[in-house]
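Let's take a walk through a protein chain together. Have a look at the sequence and the model first, and then we'll go through the parts one by one.

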Amino acid sequence: MGKVLLGFVLLSAFAIVSCSPAPRHTLTTEEKLADLAWVYSQFNENYAPLEYKQTRYSFKVDDLKLKYNDSARDTKSNEEFYRLLYQYVAEFKDAHTSGSIMSSDLPGRTTVAYLGFNGI
């Protein structure tokens with residue numbers, strides 16, 4: 001029983017460390033496109049004023065997807081890619097919608113400060 005418990009604890013610790021919100025490696029193009037696909041799905045499935053915003057701001061979500069997929073392929077760092085994700089969210093010009101990358105334990109990667117308001 002002791003070995004099973006130890007194995008479970010080690011596996012749990014590995015899962016927690018490996019699921020860091022800021023990855024320990026530079027994202028591949030495939031990973032960037034997968035992350036974008038997830039963001040797109042969140043807007044397509046959960047964003048009630050999607051049709052209104054497309055009409056109001058004269059864009060089509062499918063065109064934005066092509067544009068952002070192309071731009072993601074050109075990003076050289078994770079930080080540059082994350083800025084691109086924020087730009088996509090900003091396309092909808094909605095004060096109720098934002099993005100954030102959770103803090104990470106990697107030095108020099110992310111810094112968290114609480115100021116009482118959100119900003120980028």
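What pattern does the chain follow when you read along the sequence? The pattern is α-α-α-α-α, with five helices and zero strands. Helices here are DSSP runs of H or I with at least four residues, strands are runs of E with at least two, and both are numbered from the N terminus.

Before going on, a quick word on the ground rules. This is a predicted model, where local features need pLDDT of at least 70 and side-chain atom pairs count only at pLDDT 80 or more, while totals for chains, interfaces and linings use all residues. Residues are numbered from 1 along each chain as its sequence is written, and side-chain values use heavy atoms, leaving out hydrogens and water.

Now for the inside. Of the chain's 120 residues, 28% count as buried, meaning a relative accessible area under 20%, whereas exposed means over 50% and partly exposed is in between (1.4 Å probe, protein chains only). The largest nonpolar core has 19 residues. Such a core is a set of buried Ala, Val, Leu, Ile, Met, Phe, Trp, Tyr and Cys residues joined through side-chain atoms within 4.5 Å. Among the members that touch the most others are Leu36, Tyr68, Phe81 and Phe92. Helices H2, H4 (61-74) and H5 each supply at least two residues of this core, and the largest share, six residues, comes from H5.

Zoom in on phenylalanine 81. Leaving aside residues up to four places away in sequence, Phe81 touches Leu27, Lys32, Asp35, Leu36, Ala72 and Thr75. A contact means heavy atoms within 4.5 Å. Across the chain, 66% of the contacts with a separation of 6 or more are between residues 24 or more positions apart.

Next, the second largest pocket. Its lining has 23 residues, and the closest to its centre are Trp38, Val39, Leu85, Ser100 and Ile101. H2 (29-46) and H5 (78-90) each supply at least two lining residues, with the largest share, seven residues, coming from H2.

Finally, let's look at the backbone. Most residues other than glycine have a negative phi. Serine 58, however, has a positive phi near 55°. Serine 58 lies in the loop between H3 (50-56) and H4 and is exposed, with a relative accessible area of 67%. Lysine 93 also has a positive phi, near 45°, and is found in the segment after H5.

Technical notes: 1 Å grid on protein atoms, 1.4 Å probe; cavity = no way out; pocket = protein on both sides within 12 Å on 5 of 7 lines; lining within 4 Å.
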